[in-house]
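Please read the following alongside the sequence and the coordinates.

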Amino acid sequence: MKKHNISIVWMVLLLLCSTFSFTACDRDDLNTDQYGNEISVLSFGPCPVLRGGILSFKGSNLDQITEVDLPGADPITAINVVQAGTKSEINIEVPAEKCDTGIVVLKTAKGGEIRTLTPITYTETIRFDNMFVGTEGNLDGAVGQTLTINGDYLNNVHTVIFANGVEVPETEFTTHTRYQIQVVIPSQARTGRIQLSDGSNTLYPEPTLAIALPEVTKLDPTTVKAGQTITVTGTSLDQVATISLKGATVDTTEIERAADGKSLSFKVPATATDGEVTLNLYSGVEIPAGSITTVVPTDLSYAPAPVKNGATITVSGKDLDLITKFLFPNGDKGIEVEATYKDGKISATVPAGAQPGNLTLELANGKTVSLEYKLVEPTVTKFAPAVVTAGAKIAIIGTNLDLVESISFPGDAAQKATDLKVNDAGTTATVTVPAAAYGTGCTLNLKNGTTVEVKSGLTINAATMPAINGTPSGTPGEYVTVTGKNFNNIESLYIGTTKVTKYKDKENATMTFQIPATLASGSYDFTAVQPDGTKVTLGKFTVKSAETDLATDLGYKTMGGAAITYPFNFTWDDSGRFRIMKADLKKIGVKVGSKLIFYKETSATGQVQINNANWSSLTTVSDWNGNTNQIVYTFDAAAMECVNSVSDGWSDTAFILQGDLKSVTKIAVLP
């Protein structure tokens with residue numbers, strides 16, 4: 001190539017290029033003819049240039065250019081000389097098609113070539129002209145039909161997006177050219193405007209594409225049984241993704257579809273119940289298809305009748321395969337039992353706690369049907385002996401006595417005997433008549449919570465020996481009232497070996513006395529001594545501790561959340577300290593003089609700090625010598641102020657206890 005010196009004229013020309021009305025690809029795009037004809041290109045533009053638009057070249061002696069070659073296009077010889085000479089300009093019309101990005105070659109009249117140093121690029125703005133389905137102008141379409149989109153530079157469109165965001169990529173376009181796109185309307189498409197995306201920008205054409213929705217003409221049958229097939233007929237049913245029923249959903253894989261989209265069928269799920277059937281389209285639109293009523297079992301009967309607790313009840317009728325469980329009556333709640341279906345019948349074991357009434361049969365969809373049923377009851381045919389003195393043992397002869405849990409006998413108050421023994425056949429039972437009983441008949445208390453009254457056949461003569469009702473109890477020093485019979489025949493009372501010495505009153509059927517203060521807690525024989533010296537064991541007497549154990553009685557926990565168990569170790573952190581609550585102390589009835597007692601192993605030494613609710617120390621109790629098995633804190637006025645008034649503002653705390661005392665065996669409050 002021949003080298004040229006750039007004169008001042010050329011420098012001026014180069015500066016002037018910057019004022020041209022087009023944008024050049026490169027202001028330093030100086031290229032010259034190798035044949036020495038003083039032909040050179042300083043710039044060309046605009047760049048990018050519009051396909052079909054005008055491309056200009058500026059430089060020197062460009063009027064000698066006879067051909068311009070754009071990459072991919074046929075040679076262009078129709079060259080328009082705007083200005084000739086050393087400051088020259090020519091232009092050409094860029095082909096609308098068949099031109100690519102790349103280096104432009106300009107050929108001279110003498111066969112020389114000038115190549116641009118920078119490539120040519122093109123403006124390719126996507127243009128939308130129109131769209132239609134089937135015939136031009138039609139904007140009503142259906143899933144599966146072809147949508148045609150016309151415009152320019154549509155070859156740059158990579159995705160067609162339908163109204164509800166459903167995207168169809170260019171790999172699925174049936175036609176894809178610069179001027180046209182054709183795409184099959186997807187099943188998820190919904191009515192609305194489409195979008196054309198080149199990956200970075202989106203064109204949003206104005207017209208609205210209307211997607212035809214399915215129409216339902218028939219739902220058959222409408223009264224159905226679980227597992228039965230329902231058929232829906234109509235149009236465009238191939239758009240249906242799933243089907244919703246009340247209580248169930250039919251998945252897309254469970255739907256049988258006709259190829260023409262005019263019908264579909266599905267089986268009714270076991271959990272479906274009465275209500276609307278809804279077709280859920282791939283597009284998210286919901287189409288009502290009608291309502292159904294689900295079948296329930298009918299013509300119900302049961303056997304055996306009556307049926308016994310513990311035996312098998314079998315229910316006959318129609319459509320019993322729908323039943324999943326039985327609900328037997330039992331007070332307000334009932335007892336649920338899984339049911340077994342076999343040979344057209346449904347069965348289950350009658351629970352021991354089942355009571356007579358309505359047996360409820362439940363379906364998988366939650367619907368129920370019921371039938372009244374009766375239970376076997378025990379019968380008594382004979383008492384032996386028929387006349388008995390209270391306190392004696394009797395035999396009861398009858399049937400189904402194994403259903404009986406206990407027997408109550410008449411008296412001033414009902415006397416329940418729990419020492420009932422029944423043979424395996426349920427035909428014989430023995431029981432001791434309570435000493436305080438008298439009158440006729442008895443009541444059979446059944447295991448299912450019901451009772452059977454036996455009004456005759458047994459006469460109970462009152463016993464002359466003293467007898468009590470129930471098992472009395474109380475705390476040392478407390479007055480208790482005991483009821484029973486023949487208390488006039490009591491000379492003295494003993495709880496264990498300790499004699500009762502203080503009475504408030506004593507009548508033939510009731511007496512009130514004070515529990516000796518020296519008694520420790522526990523269960524004792526309760527003994528009466530008659531005037532002739534005869535000792536009668538009335539039963540047991542329970543002496544309760546007057547103390548309230550914070551751990552075993554109130555279930556206290558440490559501030560770390562662990563239950564207090566013995567032996568317990570007091571610490572200065574949450575693992576071994578805890579709060580005592582005001583409500584508990586008030587319920588116990590603490591007062592000035594009440595005691596908080598820390599029982600411990602005698603040899604254990606240490607201290608317990610007692611703080612109020614605000615962590616202010618009230619006092620510290622201790623044993624540093626290890627010579628006592630308990631440390632006692634006595635409630636004073638300051639302690640009662642903590643119980644009644646001192647507050648931390650957020651809790652019910654009365655005291656906070658912490659310290660370093662180990663081997664604590666009991667923490668109790670003595671009112």
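The charged end of R51 lies over the ring of Y122, at 4.4 Å from the ring centre. A charge counts as sitting over a ring if NZ of Lys or CZ of Arg is within 6 Å of the ring centre and within 35 degrees of the ring normal. R193 is placed likewise over the ring of Y204, its charged end 3.7 Å from the centre. The model is predicted, and local features need pLDDT of at least 70, side-chain atom pairs count only at pLDDT 80 or more, while totals for chains, interfaces and linings use all residues. Residues are numbered from 1 along each chain as its sequence is written, and side-chain values use heavy atoms, with hydrogens and water left out.

Rings also pair with one another. A search of the whole structure gives 15 aromatic pairs; rings of Phe, Tyr and Trp (its six-membered ring) pair if their centres lie within 6.5 Å, and planes under 30 degrees apart count as stacked, over 60 as edge-to-face and the rest as tilted. Y302 and Y373 have ring centres 6.3 Å apart and planes at 80°, so this pair is edge-to-face. The pair links distant parts of the chain, 71 residues apart: Y302 belongs to strand β30 (residues 298-303) and Y373 to strand β37 (residues 368-373). Helices (H or I, at least four residues) and strands (E, at least two) are DSSP runs, numbered from the N terminus. Y302 is buried, with a relative accessible area of 18%, and Y373 is buried at 1%. Buried means under 20% relative accessible area, exposed over 50%, and partly exposed in between (1.4 Å probe, protein chains only).

The rings of F326 and F328 have centres 6.1 Å apart and planes at 70°, so they too are edge-to-face. Both F326 and F328 are buried. Elsewhere, ring pairs join Y556, F568, F570, F578 and F598 into a cluster.

Next, the loop between β37 and β38 (379-384) holds P378. P378 is buried, with a relative accessible area of 3%. Leaving aside neighbours within four places in sequence, P378 is in contact (heavy atoms within 4.5 Å) with T399, N400, L401, L403, V404, L444, L446 and V452. From P378 to M465 the separation is 87 residues in sequence and 33 Å in space, C-alpha to C-alpha.

What does the side chain of S88 have close to its polar atom? The backbone nitrogen of L62 lies 2.8 Å from a polar atom of that side chain, and the backbone nitrogen of N61 lies 3.1 Å from a polar atom of the S88 side chain. S88 is in strand β7 (residues 88-93) and is buried, with a relative accessible area of 4%. Its contacts, neighbours within four places in sequence aside, are F57, K58, G59, S60, N61, L62, D63 and Q83.

The last stop is helix α3 (residues 637-644), whose buried residues are A639, M640, C642 and V643. These residues cover an arc of only 150° around the axis, which puts them on the same side of α3; the arc is that of the directions from the helix axis to the C-beta atoms. A637 and N644, on the other side of α3, are exposed. The cover over the buried residues of α3 includes α2 (582-588), β59 (606-612), β60 (617-623), β61 (630-634) and β62 (653-659). At the start of α3, a side-chain oxygen of D636 comes within 3.2 Å of the backbone nitrogen of A638.

Key:
Polar contact = N/O pair within 3.5 Å; in protein donor to acceptor, adjacent residues only side chain to side chain.
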